[in-house]
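This briefing goes through a single protein chain by topic, from overall make-up to local detail. Please keep the sequence and the 3D view open while reading.

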Amino acid sequence: MRRMLAMLSSFLRSPPSRTSTTSTRKLSTTARTYEDAVTALNSLQSNAATLEAVRASGGRLSQFAHPEMIEYLERIGYRPEDLNKLNVLHITGTKGKGSTSAFCDSILRKSVPSWKVGLYTSPHLVAVRERIRVNGEPISEADFTQYFFEVWDRLQTNTT
């Protein structure tokens, strides 16, 4: 989820160019497919595994969440201060988050049509692209692939 949020914040701030350099170790972003991105994403830790780790730690694992998120931001070239440039509405709770998020998304898009409004929800029902919407439209397979591998490559390159 942290990786997806980082990818979305990167997209909403300023989409990078569509070109990418090729190294001898990995394919260029343009040569990788949406299916490659989904396969790579699915290779990561699942929500079930994360919940089980939190339960096993007696809740102590949560104390590392903030430092871990800061580490991931730094590994992809951002600082926590960069997130302050975004206007974020974070909806939490046990019931109704999806409906509330959709309602807020609709209100913002209709109230100020000139704004770029992003919506990230989890989990997805059919395809991972459902999680990320910009101005009411799911992110395209091409954009998802590009931004996913932009973040993926930075995380692979910057391991510390």
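A residue is called buried when its relative accessible area is under 20%, exposed when it is over 50%, and partly exposed in between, with a 1.4 Å probe and protein chains only. By that criterion, 28% of the 160 residues of the protein chain count as buried. The model is a predicted one, in which local features need a pLDDT of at least 70 and side-chain atom pairs count only at pLDDT 80 or more, whereas totals for chains, interfaces and linings use all residues. Residues are numbered from 1 along each chain as its sequence is written, and side-chain values use heavy atoms, with hydrogens and water left out.

**Confidence and overall make-up**

- The average pLDDT, which is the predictor's confidence in each residue from 0 to 100, is 81 for the protein chain, and 79% of the residues score at least 70.
- Residues 7-27 have a pLDDT below 50, although in the model this stretch has 40 contacts beyond near neighbours in sequence, a contact meaning heavy atoms within 4.5 Å.
- Where pLDDT is low, the predicted coordinates should not be read in detail.
- The protein chain holds seven helices and three strands, taken as DSSP runs numbered from the N terminus (helices are H or I with at least four residues, strands are E with at least two).
- Along the sequence these elements follow the pattern α-α-α-α-α-α-β-β-β-α.
- Among the contacts in the protein chain with a separation of 6 or more, 63% are between residues 24 or more positions apart.

**Aromatic pairs and charges over rings**

- Four aromatic pairs are found in a search of the whole structure; rings of Phe, Tyr and Trp (its six-membered ring) pair if their centres lie within 6.5 Å, and planes under 30 degrees apart count as stacked, over 60 as edge-to-face and the rest as tilted.
- The pair of Tyr 34 and Phe 144 is edge-to-face, because the ring centres are 5.8 Å apart and the planes stand at 70 degrees.
- Since Tyr 34 belongs to helix 2 (residues 34-42) and Phe 144 to helix 7 (residues 141-157), this pair ties together parts that are 110 residues apart in sequence.
- Both Tyr 34 and Phe 144 are buried, and Phe 144 also forms a stacked aromatic pair with Phe 148, at 5.9 Å centre to centre and with 15 degrees between the planes.
- Phe 144 and Phe 148 are both in helix 7, four residues apart, which is about one turn of the helix, and Phe 148 is buried, as is Phe 144.
- One aromatic cluster is formed by Tyr 34, Phe 144, Phe 148, Phe 149 and Trp 152.
- Arg 32 lies over the face of Phe 149, at 4.0 Å from the ring centre, where a charge sits over a ring if NZ of Lys or CZ of Arg is within 6 Å of the ring centre and within 35 degrees of the ring normal.
- Arg 129 lies over the face of Tyr 34, at 5.8 Å from the ring centre.

**Nonpolar cores**

- A nonpolar core is a set of buried Ala, Val, Leu, Ile, Met, Phe, Trp, Tyr and Cys residues joined through side-chain atoms within 4.5 Å.
- In the largest nonpolar core, of 13 residues, Phe 144 and Phe 148 touch the most other members.
- Helix 2 and helix 7 each supply at least two residues of this core, and the largest share, five residues, comes from helix 7.
- Another core lies apart from it and has six residues, among them Leu 73, Tyr 78, Val 151 and Leu 155.

**Sheet and connecting loops**

- The three strands form an open sheet in the order 1-2-3 with antiparallel pairing, two strands being paired if DSSP finds at least two bridges between them.
- Strand 1 (118-120) and strand 3 (137-138) are the edge strands, each pairing on one side only.
- Strand 1 pairs with strand 2 (residues 132-134) in the antiparallel sense over three bridges, and Val 134 in strand 2 is the bridge partner of Gly 118.
- In the loop between strand 1 and strand 2 is Pro 123, which is joined to Ser 122 by a cis peptide bond with omega about 0 degrees.
- Asn 135, in the loop between strand 2 and strand 3, has a positive phi of about 50 degrees although it is not a glycine.

**Arg 154**

- Arg 154 is in helix 7 and is partly exposed, with a relative accessible area of 31%.
- Leaving aside neighbours within four places in sequence, Arg 154 is in contact with Arg 75, Ile 76 and Tyr 78.
- The C-alpha atoms of Arg 154 and Arg 75 are separated by 6.6 Å, while these residues are 79 residues apart along the chain.
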